[in-house]
Every structure is written in structure tokens, then in C-alpha cells.
Amino acid sequence: MTQYKIPVIPGDGIGPEIIAEGRKVIDAAGEKFGFDVNWVEFPHGADHYLETGELISEDSLKELSGYKGIFLGSIGDDRIAPGVLEKGILLAARFYFDQYVNLRPIKLLDGVWCPIKDKTPADIDFTVVRENTEDFYIGIGGRAKSGVSKDVLEVHRTLYNAKFGLDIETDSEEIGYQIGMISKEGTQRVINYAFDLAEGSDKHVSSVDKANVLSDIYGFWREEFNAVAAKHPDVKTDFNFVDAITMWFVKNPEWFDVVVTPNMFGDIITDLGAMVQGGLGLAPGGNINPEGTSMFEPIHGSAPKYKGQNKVNPIATIWAGAMLIEQMGEKEAADAIVSAIETNISEAKVQTYDMGGSAGTSDVGDDIARIVLGK
């Protein structure tokens with residue numbers, strides 16, 4: 001029997017509950033398909049931070065780097081200011097492991113209510129490939145005001161005066177600034193990933209940018225997209241401004257196969273995609289380094305108000321677990337988990353409140369594990 005060691009970070013809020021169900025279903029798949037998982041639990045999250053003052057240490061990151069895949073529940077807690085845990089754990093891991101692909105399947109499963117009238121599973125089945133380590137998420141920015149950073153304010157004033165003919169007084173203005181950066185190498189590798197994915201699908205890649213306004217950064221993105229596209233002449237391509245693609249996701253989701261997007265735009269449009277496919281409770285995600293350590297999670301938050309209530313939908317986490325074991329090489333088992341999710345939904349007997357049912361989190365996990373085992 002094949003053995004895997006997989007680290008798991010249950011995290012905060014509902015994280016431990018949904019991770020328990022993801023593990024349960026993966027263990028059932030292992031029993032069915034002949035592999036065994038040794039789960040290695042890591043404590044990082046709100047409780048650990050409040051007890052120790054540590055977010056995630058260099059030693060922990062080094063230890064985690066020895067694994068191919070990490071299973072993550074959720075990060076975020078009302079006792080701690082927004083951004084502390086998210087930046088200190090989630091983003092720290094993404095950057096440390098160079099998880100440059102954020103992979104989001106947008107797939108409407110049979111039996112799921114879709115908020116878009118007359119759309120069916122045949123219409124909503126595409127993948128968003130989001131660049132995951134660059135753009136406005138690199139952490140360069142700050143605030144400046146008169147008497148604190150006059151040189152920054154002077155640059156700000158000079159640039160605006162030159163471009164717009166404005167007269168901004170440096171002695172009376174305060175500014176906030178955030179710098180977005182993309183590199184040739186970082187852009188090329190995520191776009192290459194998207195094209196490779198499309199070669200095994202419907203051979204169609206849609207690019208997202210805002211090159212008509214933010215022409216330096218996203219004009220550069222578009223140039224690199226064209227350079228990669230030239231190496232894939234059999235793949236159809238198109239360009240979409242980010243504001244326009246939000247319309248097309250709703251009006252014509254059937255147009256899309258693989259969508260590739262810079263980091264910030266991807267963060268926004270994948271939540272829209274999640275709602276198109278039925279809600280955040282059904283939306284998994286992967287932070288992927290194809291040559292290194294990847295991390296898989298539901299895309300929703302920690303929902304602390306539901307903590308310990310055995311109430312929330314674990315399907316996004318179970319589906320993320322399927323993505324995890326596919327990354328380990330267990331594609332048949334991964335496909336069986338997704339099929340079992342679809343069966344659970346279509347039978348409509350064991351569902352949580354968000355899908356119109358009254359079952360608990362653990363009931364859904366039990367039912368999907370049962371289906372995987374063929375019982």
C-alpha cells in the first residue's frame with residue numbers, strides 16, 4: 001500500500017471541523033484505492049498566536065517544505081486584527097513555497113442551484129489560473145504625510161502635477177500608496193501553466209487585465225501573454241478587461257475554458273465564480289508550486305460565528321482534498337471524491353442548511369465517504 005505523509009493546518013473558526021471531514025473522505029478514498037495517509041498536524045492559527053506570539057516560524061516552514069502537499073482549513077479570528085494571521089501565515093506560506101499558481105475550478109455540479117437563470121452544468125465548467133505571488137500583494141506600500149516623509153510627498157506631488165496639471169501642496173496632504181509589481185519570469189510561468197492546462201482541455205485561454213488604464217503593469221502582462229500564446233498556435237485566445245469579465249461570468253460563463261489573471265483581479269473574480277457555481281461552500285482552491293510544496297484549502301473564510309456548531313458545508317474542503325491527492329498522483333481517487341460529492345448533492349438527502357437541508361457538517365462527510373467506499 002502506498003504511504004503518504006501529509007501536513008494539515010486546521011486553522012481557525014470552522015477550520016478544524018471542515019478539515020476533519022476532508023480527512024475522513026481522503027481516508028475512505030485511500031481504503032478504496034490502496035493508499036494510506038499519515039496526517040501530520042501543525043498548530044498554526046489564532047490560538048497558537050495568542051499563546052506564543054508566533055505566526056509561523058522559519059523552522060516550521062522549512063519542515064513543511066519537505067512535503068508535496070499541505071491541507072489547510074481556514075485562517076482568521078475576530079480576536080486578532082484583520083490581516084495579521086492572513087499575512088503572517090497564509091501569505092507567508094504562499095511566498096515561502098513560491099506557490100505561484102492559485103488554481104480555482106469553477107464548476108456547477110449537477111443538482112446545485114445556480115443563481116444565473118437557465119444555466120446548467122454544461123455551461124459552467126472552467127478553471128481560473130490566478131498568479132499568486134506578485135502584483136499588489138508583494139507588500140510594498142505605506143502612508144506618508146507632511147513632516148514624516150516629505151520626499152515621498154514631493155515625488156507624489158511632482159508626478160501628479162506633471163501628468164494632470166494639479167497643484168498638490170506637500171505641506172497639507174497625506175497619502176497612502178501600494179505598489180504593484182509583476183516580473184517577466186513570474187508572468188511567463190503562470191501563463192505557461194494556463195496554456196498547458198488548456199492543451200489538455202478545450203484549447204482556449206482567456207486573459208484578464210486592465211491594460212487600457214494601468215498600461216505599464218498590465219500592458220506588460222498582455223505582451224507576455226502574446227509571447228506565450230505564439231508557442232501554442234492551436235489554442236484559441238482572447239483578452240478581457242477585468243470589469244468586462246465580471247459581466248461575462250454572469251451572462252456567458254459557457255464562453256470560458258481556462259482563464260489566466262494577475263493576482264489582484266484573480267482574487268476578485270474567483271469569488272464571483274464561486275457564487276456562479278453555487279456558493280462559497282462549494283468552492284475549493286489550490287496554491288500550487290508544480291515543482292515544490294503546494295497547499296489546498298476551501299476559498300471561504302473561517303466563519304467564527306459558526307465555530308463548533310457542526311453546521312457549515314464541508315464540500316469545498318472535501319473537494320480541495322480531492323485536488324490535494326490528485327497533486328500526489330492519485331487522480332482516480334480524486335475523481336471518485338468529486339463524483340461522490342455530485343452524488344451526495346443529486347440525492348439531496350444529506351445536505352447542510354445553505355443547500356436547503358438540515359444535516360450537520362459531519363453528516364455530509366460521512367455520506368460522501370460512504371459513497372466513495374461504494375456502500
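**Notebook: sheet and helix packing**

The model is predicted: local features need pLDDT of at least 70, side-chain atom pairs count only at pLDDT 80 or more, and totals for chains, interfaces and linings use all residues. Residues are numbered from 1 along each chain as its sequence is written, and side-chain values use heavy atoms, with hydrogens and water left out.

I then checked the pairing of β3 (69-74) with β12 (294-298), which is parallel over three bridges. Strands pair if DSSP finds at least two bridges between them; strands (E, at least two residues) and helices (H or I, at least four) are DSSP runs numbered from the N terminus.

Next I traced the sheet. Its 10 strands run β2-β1-β3-β12-β11-β4-β5-β10-β8-β9, open and with mixed pairing. β2 (35-41) and β9 (236-241) are the edges, each with a single partner strand, so one side of each lacks a neighbour in the sheet. I noted an average twist of 25 degrees from one strand to the next.

I looked up what packs on the sheet. Helix α9 (263-276) touches β4, β5, β8 and β10, and its direction makes about 155 degrees with that of β5. Helix α10 (315-327) touches strands including β1 and β11, at about 160 degrees to β12. Contact means heavy atoms within 4.5 Å; axes are lines fitted to C-alpha atoms, for helices over the stretch in contact, and angles run from 0 to 180 degrees between N-to-C directions.

Last, I took α1 (15-33) and α12 (361-373), which pack at about 10 degrees with axes 9 Å apart. They are therefore roughly parallel (angles under 35 degrees).

Definitions and conventions. Angles under 35 degrees count as roughly parallel, over 145 as roughly antiparallel, 65 to 115 as roughly perpendicular and the rest as oblique.
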